[in-house]
Amino acid sequence: MDNRVPPRAAAPGPRRRDRHGRGMRGPIAPPQVPLAASRAEMFADLVQDSVERLERRWPQLADIDFLVLDVPQPQGQGAEAWSDEPVPLGGVVPAQDGRRARVVVYRRPVEIRTKGRDERAALVHEVVVEQVAELLGLTPETVDPRYGEE
């Protein structure tokens, strides 16, 4: 009796199993746990938490778009684009031509300046408060009385 299995032709397409026959590896953690969130998603959550905290006191913030960008874009062309100015942590784009006002927080400069999640959350909140204060024409202490205490 011949018990040999005939060789199978290699089918094009993705491999369904690894070489030990145990199947493809799945994600390390299910999507509902914090480990599954990327750094960008966790950063966006920090910004959203800060905005929600401020919206309780300033309902007009619902008319402002809050954005998270990785890095600021250099202004100007060529040599003028590079300057000795510090890298901004955030920015404001006022409302114009039917567009809503925007507050931008730059993720990488904030991450580089912080060591842990708590420190990052505090810096994100400070940046959001400063940008909202600039947009509303107020002082940061008026926007959030606890500004600078954390």
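In the predicted model, residues 24 or more positions apart account for 60% of the contacts with a separation of 6 or more in the chain. The chain has 150 residues, of which 27% count as buried. Four helices and three strands are present, and along the sequence they follow the pattern α-β-β-β-α-α-α.

The three strands form an open sheet with the order 1-3-2 and mixed pairing. Strand 1 (64-69) and strand 2 (90-93) stand at the edges of this sheet; each has a single partner strand, so one side of each is left without a neighbour in the sheet. On average, and with direction ignored, neighbouring strands are turned by 20 degrees against each other. In general, the strands of a sheet pair through backbone hydrogen bonds, in either a parallel or an antiparallel sense. Here, strand 1 and strand 3 run parallel and are joined by six bridges. Within strand 3, Val105 is the bridge partner of Val68. Strand 2, by contrast, pairs with strand 3 (residues 101-106) in the antiparallel sense, over four bridges. The bridge partner of Val93 in strand 3 is Arg102, while that of Val92 is Val103.

Helix 1 touches strand 1 and strand 3, and its direction makes about 155 degrees with that of strand 1. Helix 3 touches strand 1, strand 2 and strand 3, and its direction makes about 155 degrees with that of strand 3. As for strand 3 itself, five of its six residues are buried, so this strand is largely enclosed by the rest of the structure.

The two helices also pack against each other. The axes of helix 1 (residues 39-55) and helix 3 (residues 117-136) lie 9 Å apart, at an angle of about 50 degrees. The two helices are therefore oblique to each other, and helix 1 passes helix 3 in a right-handed crossing. Helix 1 contributes Phe43, Leu46, Val47, Ser50, Val51, Arg53 and Leu54 to the contact. Sorted by class, the contact of helix 1 with helix 3 comprises 10 nonpolar, two polar and three charged residues.

A further residue examined was Arg107, which lies in helix 2 (residues 107-112). Its relative accessibility is 10%, and because buried means under 20%, Arg107 counts as buried. When neighbours within four places in sequence are left aside, Arg107 is in contact with Arg39, Ala40, Phe43, Val68, Leu69 and Asp70.

Terms used:
Residues are numbered from 1 along each chain as its sequence is written. This is a predicted model: local features need pLDDT of at least 70, side-chain atom pairs count only at pLDDT 80 or more; totals for chains, interfaces and linings use all residues. Side-chain values use heavy atoms; hydrogens and water are left out. Buried means under 20% relative accessible area, exposed over 50%, partly exposed in between (1.4 Å probe, protein chains only). Contact means heavy atoms within 4.5 Å. Axes are lines fitted to C-alpha atoms, for helices over the stretch in contact, and angles run from 0 to 180 degrees between N-to-C directions. Angles under 35 degrees count as roughly parallel, over 145 as roughly antiparallel, 65 to 115 as roughly perpendicular and the rest as oblique. A crossing is left-handed if the near helix is turned anticlockwise from the far one by less than a right angle, and right-handed if clockwise. Ala, Val, Leu, Ile, Met, Phe, Trp, Tyr, Cys and Pro count as nonpolar, Asp, Glu, Lys and Arg as charged, and the others, Gly among them, as polar. Two strands pair if DSSP finds at least two bridges between them.
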